[in-house]
Amino acid sequence: MQTGQKDQSELYQKRIPIFTRSVKGRFRRFKTSVLVLAYAMYFLLPWLPWQRLDAPAQAVLFDLPGRRFLIFGLTVYPQDVIWLALLLFIAAILLFFVTGLVGRAFCGYFCFQTLWTDFFIWIEHLVQGERPARMRLHRQPWNSEKLVKVGGTHALWMLASFWTGLTFVAYFTYAPQLVLDFFSGQAAPAAYITTGVLTLSTYVAAGLMREQICTYVCPYGRFQSVMYEPETLAVHYDARRGEAAHGRAPARAGQRTLAERHEKGLGDCVDCGLCVQVCPVGIDIREGLQYKCISCGLCIDACNNVMDSFSFPRGLIRYDSEKNLASPVPAAPKVQWRSLKTIGYGLALVLMATYLAYSVATRGSFERAVNQIRQPLYVVLSNGDIRNRYQIRITNKAAHDQTYVISARGIPADAIDLGNFREITIKSGHSGLVQASVRLPPTVAAQTQHFELVITPQGKPEETRAESVRFDVPGKRP
Amino acid sequence: MSEQKPQTVPTTGHVWDGDLQEYNNPLPVWWVYTFYATVIFALVYWTIYPSWPIGKGWIGGVSKITYVNSEGEAKTHSWNTRALLLADLNKAAIAQKPYFDKVEAMSYEQIAKDPEMSGFILSAGKSLFADNCAPCHQAGGQGMVGFFPNLTDDDWQYGGSYEKVHETLMGGRRGYMPAFSEVLNGEQIDQLANYVASLSGGDHDSAKAAAGNTLFHGEAAGCYVCHGGDAKGRQELGAPNLTDNIWLWANVPAAGSAEGKIAAIRGVIASGLNKGVMPAWSARLTPEQIKVLTVYVHELGGGQ
């Protein structure tokens with residue numbers, strides 16, 4: 001028997017609009033400061049000047065055509081891709097480490113989806129007012145007021161999204177020039193496409209989809225839960241205190257004070273519903289830990305404010321561990337770091353961060369690639385001598401022009417011919433190519449299997465690098 | 001997944017033969033809209049790119065490509081991959097132009113001393129060499145004994161100065177040696193071959209070589225006219241030096257026995273050579289390209 005389309009399980013869940021109430025408190029303050037700091041960094045960094053010899057004066061510039069990333073005084077070349085690998089590894093381990101200790105702290109405070117959604121809700125609040133006003137506006141039929149307010153909100157969202165996209169592009173080219181070119185229609189097509197895609201995706205993700213991104217799109221949300229331990233701190237509702245024997249109840253006459261409530265067997269929760277109203281993902285934390293919870297702590301702020309107004313003790317909703325909540329005599333919640341997993345992650349984090357710092361600090365000022373020319377491997381000259389040729393490529397990674405001295409070790413000094421480039425001066429960020437010819441009499445050649453080509457930056461003997469190369473002769477097979 | 005219960009599906013409402021009905025199961029909405037989107041995509045595509053044939057031509061589409069052809073005329077075509085390639089080549093030529101302009105303005109010695117230009121010669125020269133020279137001289141310029149000279153050794157047939165290499169490239173070369181079987185008998189040729197082998201220290205019969213020496217410098221064979229009294233060749237004629245270890249025509253290095261080596265030399269003397277032909281490049285390459293190749297080839301063998 002066939003079944004109708006309607007009755008098959010739906011793969012699409014229509015979004016139920018969430019109107020969050022604004023709240024004041026410790027966690028709100030923390031979130032706001034993270035937001036301001038992150039936005040200041042993201043939006044202002046491309047505009048920070050930084051004097052350079054051969055590149056635009058921009059502190060952070062990902063110069064893709066030039067195949068280099070300029071980050072303040074550091075220039076990163078494609079050869080340094082290991083740093084990116086290390087950075088990604090550190091980021092992943094940091095996420096595991098933090099999640100094991102304090103749950104989804106990344107989701108709640110630092111994730112760009114959370115930050116941008118927070119900012120967009122702030123815009124919505126600015127234009128349309130507090131939660132009840134927004135709900136009323138949502139319900140009322142379309143009129144000029146609704147048109148202006150909703151339209152204005154969306155216009156401001158678009159503007160914020162656009163500037164987000166344009167700022168991203170500004171990291172890849174000289175920012176002041178980009179803005180000029182962008183509005184005069186002269187920027188690269190890639191700039192328009194990238195800005196367009198990011199504008200649209202920011203608008204959709206932070207304006208329209210919001211918590212759906214966390215619930216349905218984001219993989220981290222799902223696998224972060226796997227990293228939870230019973231000792232992990234997370235935002236919890238103390239059900240034992242809140243519900244007591246006969247459940248939560250509003251603070252009506254006769255059940256206003258703690259003494260009255262405890263006498264009646266009522267819990268401390270006055271069922272005001274504020275924890276639900278402030279929640280950006282639209283859940284009720286009193287139903288227990290849920291996969292949708294991004295651990296933003298706003299319900300803690302909301303509940304603490306209510307508890308304060310009734311002069312009840314704070315912390316009905318608080319950061320606590322599952323284990324502590326379940327124990328007969330709960331202790332004060334604290335971070336439990338004494339586990340093999342946490343210490344292991346911490347150790348890996350320290351090791352990798354140290355290695356990255358070491359690798360960046362001791363980076364060489366030049367790259368070299370030495371190759372024997374293989375077509376032909378050797379040439380027999382008119383007097384019977386044997387010649388091998390080598391190609392030496394030196395890339396100057398230093399911020400200034402540099403002269404390099406090339407010499408050979410393990411063969412007679414007059415055997416090597418470097419043309420005009422026994423010394424070669426290479427501009428900063430450029431490469432130089434030198435051909436070396438090595439000519440040995442047959443008797444010496446027969447005894448020479450390897451020798452070394454030595455590259456020394458002039459005035460920096462400590463940075464000397466030697467490359468061992470083969471010397472091939474006729475009739476000898478490797 | 002929710003549990004699927006038996007359902008009654010609505011029918012289309014038609015009834016045939018009294019009881020034959022048709023279930024109404026429409027296509028999924030997403031599928032239908034994807035289909036509409038492909039229709040719109042096709043319409044957009046037809047207007048941008050060449051699409052429908054009309055008579056002997058076709059609808060070109062609004063997307064155009066402009067390029068400069070080899071005659072220097074600007075051509076505008078509707079979008080196609082060939083025009084795209086030509087436009088890309090134009091772009092590459094414009095990007096290379098400053099370097100070729102520098103090549104033109106600088107002397108050979110200046111180019112060889114400038115690190116940046118030397119690097120350009122090594123990469124541009126390599127691709128020019130691969131496109132034009134490698135079919136004969138091989139990818140690395142190592143040539144092939146008996147056919148094409150080795151450019152990486154230090155023996156220069158017609159001279160290894162920049163000017164001589166340039167002259168060779170511009171005008172080409174034609175190597176010629178008469179067939180001596182017409183004027184000498186087999187024994188004399190054998191004697192000459194032994195003498196030539198002795199010049200570079202190869203195994204030989206000294207008696208025959210002494211006779212060959214007389215022949216070489218005598219009027220009957222007259223070898224010295226081209227190869228010189230000292231047998232060191234004459235670069236103005238392209239006559240090779242016979243006293244060094246480098247073999248151009250007689251494949252002596254490949255011959256296994258002393259007898260084989262002599263036989264190889266004998267073969268060249270008897271039948272002569274009329275195949276040492278290098279074409280002229282002055283009409284095929286631009287002057288700057290030839291200059292790049294001059295410096296590149298000069299560098300291959302270490303120059304002179």
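This is a predicted model: local features need pLDDT of at least 70, side-chain atom pairs count only at pLDDT 80 or more; totals for chains, interfaces and linings use all residues.
Visitor: How many residues does helix H14 of chain A have, and what span does it reach?

Guide: One way to read a helix is to set its span beside an expected one. Helix H14 of chain A, residues 298-309, has 12 residues and reaches 17 Å from its first C-alpha to its last, which is close to the 16 Å expected at 1.5 Å a residue.

Visitor: Which residues of H14(A) are buried, and what do the buried residues pack against?

Guide: The buried residues are Leu298(A), Cys299(A), Ile300(A), Asp301(A), Ala302(A), Cys303(A), Asn304(A) and Val306(A). In chain A, the buried residues of H14(A) pack against helix H1 (26-44) and helix H13 (274-277), and also against strand E4 (233-237) and strand E5 (317-321).

Visitor: Turning to chain B, at what angle do helix H7 and helix H8 pack?

Guide: A pair of helices can be described by an angle and by a distance between axes. In chain B, helix H7 (residues 186-199) and helix H8 (residues 206-217) pack at an angle of about 100 degrees, and their axes are 7 Å apart. Because angles of 65 to 115 degrees count as roughly perpendicular, H7(B) is roughly perpendicular to H8(B).

Visitor: Which residues meet in this contact, and how do they divide by class?

Guide: From H7(B) come Gln188(B), Asp190(B), Gln191(B), Leu192(B), Asn194(B), Tyr195(B) and Ser198(B), and these meet Lys208(B), Ala209(B), Ala211(B), Gly212(B), Asn213(B), Leu215(B) and Phe216(B) in H8(B). The residues of this contact divide into 6 nonpolar, 6 polar and 2 charged.

Visitor: What domains does the assignment give for chain B, and how many residues of domain 2 and domain 3 are in contact?

Guide: The domain assignment of chain B gives domain 1 (7-48), domain 2 (106-172 + 280-300) and domain 3 (173-278). The centres of domain 2 and domain 3 of chain B, taken over C-alpha atoms, are separated by 28 Å, and 11 residues of domain 2 are in contact with 14 residues of domain 3. On the domain 2 side of chain B, the residues that touch domain 3 are 4 nonpolar, 5 polar and 2 charged.

Visitor: Into what domains is chain A divided, and what distance separates the centres of domain 1 and domain 3?

Guide: Chain A is divided into domain 1 (26-226), domain 2 (229-326) and domain 3 (366-470). Taken over C-alpha atoms, the centres of domain 1 and domain 3 of chain A are separated by 49 Å, and 6 residues of domain 1 are in contact with 5 residues of domain 3.

How values were computed. Residues are numbered from 1 along each chain as its sequence is written. Chains are lettered from A and ligands numbered from 1 in the order in which they are written. Axes are lines fitted to C-alpha atoms, for helices over the stretch in contact, and angles run from 0 to 180 degrees between N-to-C directions. Helices (H or I, at least four residues) and strands (E, at least two) are DSSP runs, numbered from the N terminus. Angles under 35 degrees count as roughly parallel, over 145 as roughly antiparallel, 65 to 115 as roughly perpendicular and the rest as oblique. Two residues are in contact if their C-beta atoms, placed from the backbone, lie within 7 Å. Ala, Val, Leu, Ile, Met, Phe, Trp, Tyr, Cys and Pro count as nonpolar, Asp, Glu, Lys and Arg as charged, and the others, Gly among them, as polar. Domain bounds come from an automatic or database domain assignment. The expected span of a helix is 1.5 Å times one less than its number of residues. A residue is buried if 20 or more other C-beta atoms lie within 10 Å of its own, exposed if 12 or fewer, and partly exposed in between; C-beta atoms are placed from the backbone.
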